[in-house]
Amino acid sequence: MHRLFSAGRPVAIALLTLFSGFGIAAVGEKVVVSTPPLHSLVATLLEGVDSPGLLFSSGEDIAAPVPSAGAMAAIDGADMVVWAGREYETVLSGLRTLDPSVSFKSLTLGATTPLMSISLPDNADRPSGRHDMRFWLDPRLAGTAVGRIASNLVRVYPDDANRILDNEILLKERLKELEASMREALGSPDGVPLHMPASDVLYLTWRFNLAAPNCPAAAAKVEAFGEVAGPDLYFRMMAAVLADLKACQPSREPAS
């Protein structure tokens, strides 16, 4: 397995010791994941096999100039690094520049996910050119990501392929049930709106055709920073988000 850094790595590590650790991953973990929602999906796929490491537990972590020495060491020692992409985890955006061999073990989910453009504030119908990387808010896109993650995990854990693939089947079923429950709770018809307004919960507004495109309470929860990491985190987060979305939408009760 290629290592993340080759020439110049000791110098880079020495410089990075200036920064405090902001992840909970440890050296020796075979799979490390950037942020809580993605980590939860990976942890669910690895139930009964192994526990992945979480690299960053706050928004400040992924927006930092460089990873900490601890996060760097965890990445370097891992066989697989799962992240959304450089538009989101800006702290990891320079890793390929430091050593192109990182491409052999990094799984960049945003590279094969149909990401939505973030609308310009003054024109809701014209994209800004930037993307909303929080695709996991759409259970269908989360299911797509799960399929890609599982196939790569099998390469890291070939002896546990059957368990990982069984976990994949169960997780995808849960994601389908989640989407169905969200549609029922929000009164959303199938299909997506032709008009996409600016929204602080972009994927949810698009997929569920929300009457109220903004919901600050829900938007504050969609990255699950500060929550207890693990397999159940994703569905706990989405349940809390759904409760907020329901409260934000106008009542469907007929006027008396």
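**Exercise 1.** State which residues of H6 meet which residues of H7, and work out how the two helices are oriented.

*Solution.* In this predicted model, where local features need pLDDT of at least 70, side-chain atom pairs count only at pLDDT 80 or more, while totals for chains, interfaces and linings use all residues. Residues are numbered from 1 along each chain as its sequence is written, and side-chain values use heavy atoms, with hydrogens and water left out.

Begin with the contact, which means heavy atoms within 4.5 Å. On the H6 side stand Pro-139, Arg-140, Ala-142, Gly-143, Val-146, Gly-147, Ala-150, Leu-153 and Val-154, and they meet Ala-161, Ile-164, Leu-165, Glu-168, Leu-171, Lys-172, Leu-175, Leu-178, Glu-179 and Met-182 of H7. These residues divide into 13 nonpolar, two polar and four charged (Ala, Val, Leu, Ile, Met, Phe, Trp, Tyr, Cys and Pro count as nonpolar, Asp, Glu, Lys and Arg as charged, and the others, Gly among them, as polar).

Next take the axes, which are lines fitted to C-alpha atoms, for helices over the stretch in contact, with angles from 0 to 180 degrees between N-to-C directions. Helices (H or I, at least four residues) are DSSP runs, numbered from the N terminus. The axes of helix H6 (residues 139-156) and helix H7 (residues 161-186) come within 9 Å and cross at roughly 175°. H6 and H7 are therefore roughly antiparallel, a term for angles over 145 degrees.

**Exercise 2.** Determine how H7 and H10 pack, and which residues make their contact.

*Solution.* The axes of H7 and H10 are 11 Å apart, and the angle is about 10°, so the two helices are roughly parallel, the term for angles under 35 degrees. From H7 the contact uses Leu-171, Arg-174, Leu-175, Leu-178, Ser-181, Met-182, Ala-185 and Leu-186, and from H10 it uses Tyr-234, Phe-235, Met-238, Leu-242, Leu-245 and Lys-246. The residues of this contact divide into 11 nonpolar, one polar and two charged.

**Exercise 3.** Find the disulfide, and decide whether each of its cysteines is buried or partly exposed.

*Solution.* A disulfide (a pair of cysteine sulfur atoms within 2.5 Å) joins Cys-215 to Cys-248, with an S to S distance of 2.1 Å. Cys-215 lies in the loop between helix H8 (202-208) and helix H9 (216-219), and Cys-248 in helix H10 (residues 233-248), so the pair ties together parts that are 33 residues apart in sequence. Buried means under 20% relative accessible area, exposed over 50%, and partly exposed in between (1.4 Å probe, protein chains only). Cys-215, at 0% relative accessibility, is therefore buried, whereas Cys-248, at 28%, is partly exposed.

Definitions and conventions:
Angles under 35 degrees count as roughly parallel, over 145 as roughly antiparallel, 65 to 115 as roughly perpendicular and the rest as oblique.
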